[in-house]
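Student: I have a structure open on my screen and would like to learn how to read it. Could you walk me through it with me asking as we go?

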Amino acid sequence: MKKCKFEDAIDNYLLNNLAEAEKEEFEEHYFNCSQCFEKVVARDEMIQVIKAKGARIFRDEYVVEEAKGAAWFEKAWSFFTPRQWAAAAAALALVAVVVFGVLPHYRATSPQFYINEEDTVRGGSVTLISPIIDIKSIPSYFEWKKLGDDLEYKIYIYNQKLLWSASTKENKISLPEEITKLMIAGEKYSWQVKAFSPEGTLIAVSSRVQFKISKTE
Amino acid sequence: MIEKDKNLDLDEVILKYRSIVSFKVRKSIGNYNPDWEDVVNEIITNVIEKVKSGEFRAESSIGTFIYTITSRRIIDYIRQKTKVLKHAPEPAILPDPSETVEDEERAERIASRINQLKPKFKEVLYLYYYKELSREEVAQQLGISPRKVSERVNYAQKLLKKMLKE
């Protein structure tokens, strides 16, 4: 059968690649040529299906060309059957419910804790009163704000390392003579107070405050 | 092929041209436009009237005559719709569900048949129709001649037709 000269226009017509005049010429032609019209209809149907369902039809080609990076996902996905995936998802959901929904109700109240001199805690704090800036002479006493009755305070005085520490129920303390003798004008010192409940639980800590004893003229 | 017989069989003509006119109308105003059938019927009625009143004088083929009536009616329809649209928004066009179900089944069959084609045909269909590359670009990408691209498309179409008949 001799090929119609308009046959080549079929694809361009259906893909809207013809200029208006060419389009009209071709349309007039298929109104007159039933062979071409049949081909146009068949080709149109194929193109419509490809356009509507191409993403699925060409999934393999699609993956190769456009989503090479997604290949691992396909592999991972095919590792389990959909039913196994569903079971895994259900198990995960159960774990999530136990961890976030049930366990918090059974959680014990905050544990008591003990810290040593090097530790710091976030919680109640003791406010130091004196000395907190540079002083002219060696301080005769150290004072801080009272937190409550029946608490025990522990004071620490540091040079480079711990120089002295003592406990008291008062909110001030005097330094023993042997310690004041050790303190030298011009040196930097720091001090800190920790407060303990009658049961011995640490309940508050002060910040560590530095002071300097000016050299006497 | 070209009918110039003045005493043409009108019923036969209408039978043959209804599908061609329908195709052109749907292509111009949209496949799912519910008005397409009305427009086609108007065109057919118009053709019958004109042939009966002797307006078709066989100066051109009956195909060209019907094509002219068809394109004029489509232009009128589009103009009329544009005017209406200027005044009030058109309600959303909904496809006829019964027709869609049938179409959908057939489309599914075609899709599964395309899927069964050999890779050398599938890749051409993918690049040419899905990715809408030009024939030359497809040829270049696959390292074949543009002529070969057309041949593969045509052959794929033949295979599809055969598969659909099975």
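**Reading the sheet, the helices and the contact**

Tutor: Gladly. Let us start with a sheet in chain A: three strands form an open sheet in the order S2-S3-S6, with antiparallel pairing. Keep in mind that this is a predicted model.

Student: Which strands are the edge strands of this sheet?

Tutor: The edge strands are S2 (128-130) and S6 (172-174) of chain A, each of which pairs on one side only. On average, neighbouring strands of the sheet are turned by 20° against each other, direction ignored.

Student: How should I think about the pairing itself?

Tutor: In general, strands of a sheet pair through backbone hydrogen bonds, either parallel or antiparallel. Here, S2(A) and S3(A) pair in the antiparallel sense over two bridges. As for the partners, A:Ser130 has A:Glu143 in S3(A) as its bridge partner.

Student: Is A:Phe142 buried or exposed?

Tutor: A:Phe142 sits in strand S3 (residues 141-144) of chain A. It counts as buried because 23 C-beta neighbours lie inside 10 Å, and the cut-off for buried is 20 or more.

Student: Which residues is A:Phe142 in contact with, leaving aside its neighbours within four places in sequence?

Tutor: Those are A:Ile155, A:Lys172, A:Ile173 and A:Trp191. For a sense of the fold, take A:Leu175 too: A:Phe142 and A:Leu175 are 33 residues apart in sequence, yet 7.8 Å apart in space, C-alpha to C-alpha.

Student: Which residues does B:Val21 touch, not counting residues up to four places away in sequence?

Tutor: B:Val21 touches B:Val40, B:Ile43, B:Ile44, B:Ile66 and B:Thr70.

Student: Which residues of H5(B) are buried?

Tutor: They are B:Val124, B:Leu125, B:Tyr126, B:Leu127, B:Tyr128 and B:Tyr129. Just after H5(B), B:Glu132 takes a positive phi of about 55°.

Student: At what angle do H3(A) and H5(B) pack?

Tutor: The angle is about 90°, and the axes are 10 Å apart. That makes the two helices, H3(A) and H5(B), roughly perpendicular. On the H3(A) side, A:Ile47, A:Ile50, A:Lys51 and A:Gly54 meet B:Leu125, B:Tyr129 and B:Tyr130 in H5(B). The residues of this helix contact divide into five nonpolar, one polar and one charged.

Student: And how do I read the whole contact between the chains?

Tutor: The size of an interface is often given as the accessible area lost when the parts come together. Another way is to list its residues: the contact takes 25 residues from chain B and 22 residues from chain A. On the side of chain B that touches chain A, helices H1 (10-29), H3 (62-87), H4 (97-116), H5 (119-130) and H7 (146-165) of chain B each supply at least two residues.

Student: Which helix gives the most to that side of chain B?

Tutor: H5(B) does, with six residues. The residues on that side of chain B divide into 15 nonpolar, five polar and five charged.

Note on methods:
Residues numbered from 1 in each chain as written. Chains lettered and ligands numbered in written order. Predicted model: local features only at pLDDT ≥ 70, side-chain atom pairs only at ≥ 80, totals over all residues. Contact = placed C-beta atoms within 7 Å. Helix = DSSP H or I, 4+ residues; strand = E, 2+ residues; numbered from the N terminus. Nonpolar A, V, L, I, M, F, W, Y, C, P; charged D, E, K, R; others polar. Buried ≥ 20, exposed ≤ 12 C-beta atoms within 10 Å, placed from the backbone. Pairing = 2+ DSSP bridges. Axes fitted to C-alpha atoms, helices over the stretch in contact; angles between N-to-C directions. Parallel < 35°, antiparallel > 145°, perpendicular 65-115°, else oblique.
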